[in-house]
Amino acid sequence: MAHELFNRYLWLVDTIRRYGRISRKELNRLWRLSPVSNGTDIPRRTFHNYRMGAQEFFGIEIKCDPSTYEYYIEGDIEKGGVSDWLLNTAMTHEVLSNATDISGRILVEDVPSAREYLAPAIEAIRENRRIRIDYHPYYRSRPSEGIVIEPYFLKLFKQRWYLVGLNIKENRIKTYALDRIVSLLKTPDTFCPDATVNPVEYFRDAFGIVAGIGSPHTISIRTDLRRAKYLRALPLHSSQEEFIHDEYSIFNYRLCITDDFVAELLSYGSSIEVLTPKELRLRMTEELKNALSRYQ
């Protein structure tokens, strides 16, 4: 029953989001045609209960325009934001849950970092509670024990969850991969979040998870027509700008030059060329020379 109710909330939000604005009459018609309705109308009182349920689950308010009697979602659902991600994830889950008969023919990516420590990390952020972790980075043979952190926010990047927070002993903000945490304990100690640390601003000039290193640069790369289509569909960064030419495209970014960004560019092989800045072009040249030397 709870699963069916959640699916109805999901259907309602997704339908209104896709239409932008929609009357209750049209919404009811679509409802009757949907698999969640069993071919029946949605009573007015039930509809308003579902509106409240959708707000509780997804943090999205469905409002009515009194001049047109059309329903719409209050405010924009930020692309890449939590509500947008949650809706897409829930919709994907629902589609896949109805495809168990062909599960052997559907391959998905694993996100191991979400299994054990995502829930307690979220709880600690919500409660403004300090946490104590044992952490085992790849570059150390043994884990570092008893690290006390004020958890500020979480970020998902390339199928891995990362926790960003203030390391109390070092008095600086650091990033920790959840799948490298050996143990996590919420402490009784609370903290007041630093209002100057905003998650969006913190990663504004970062390609991925590496932030706060150096100053941003204006980066320009030239791509072939095929790679341009991929970057057009899935931009590398929110600052991406494209200048289309007959045989190629130029993409500009405002980013810090970090290891994860360089690795991303290297993964594109000969389909791109870094034009500026000079220091990034030189670094790419050195990395490619070193890679080539291994085959000579």
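User: What volume does the second largest pocket have?

Analyst: In this predicted model, the volume of the second largest pocket is about 950 Å³. Of its 33 lining residues, those closest to the pocket centre are Tyr135, Tyr139, Lys174, Thr175 and Tyr176.

User: Which element gives the most to the lining of the second largest pocket?

Analyst: Strand S7 does, with six residues. At least two lining residues each come from S5, strand S6 (160-167), strand S7 (172-177) and H8.

User: How do the lining residues of this pocket divide into nonpolar, polar and charged?

Analyst: The lining comprises 18 nonpolar, six polar and nine charged residues.

User: Helix H8 was named as a contributor to the lining. Which of the residues of H8 are buried?

Analyst: In helix H8 (residues 259-266), the buried residues are Asp260, Phe261, Val262, Glu264 and Leu265.

User: Let us turn to a single residue. Why does threonine 187 count as buried?

Analyst: Burial is judged by relative accessible area, with a cut-off of under 20%. Threonine 187 counts as buried because its relative accessibility is 4%. This threonine lies in strand S8 (residues 181-190).

User: Which residues is threonine 187 in contact with, and what does its side chain reach?

Analyst: Beyond its neighbours within four places in sequence, threonine 187 is in contact with Arg129, Arg130, Ile131 and Arg132. The threonine 187 side chain also reaches the backbone nitrogen of aspartate 189, at 3.3 Å.

Terms used: Residues numbered from 1 in each chain as written. Predicted model: local features only at pLDDT ≥ 70, side-chain atom pairs only at ≥ 80, totals over all residues. Heavy atoms only, no water. Helix = DSSP H or I, 4+ residues; strand = E, 2+ residues; numbered from the N terminus. Buried < 20%, exposed > 50% of the residue type's maximum accessible area, 1.4 Å probe, protein only. Polar contact = N/O pair within 3.5 Å; in protein donor to acceptor, adjacent residues only side chain to side chain. Contact = heavy atoms within 4.5 Å. 1 Å grid on protein atoms, 1.4 Å probe; cavity = no way out; pocket = protein on both sides within 12 Å on 5 of 7 lines; lining within 4 Å. Points joined across faces, edges and corners; volume = space filled by probe spheres on them. Nonpolar A, V, L, I, M, F, W, Y, C, P; charged D, E, K, R; others polar.
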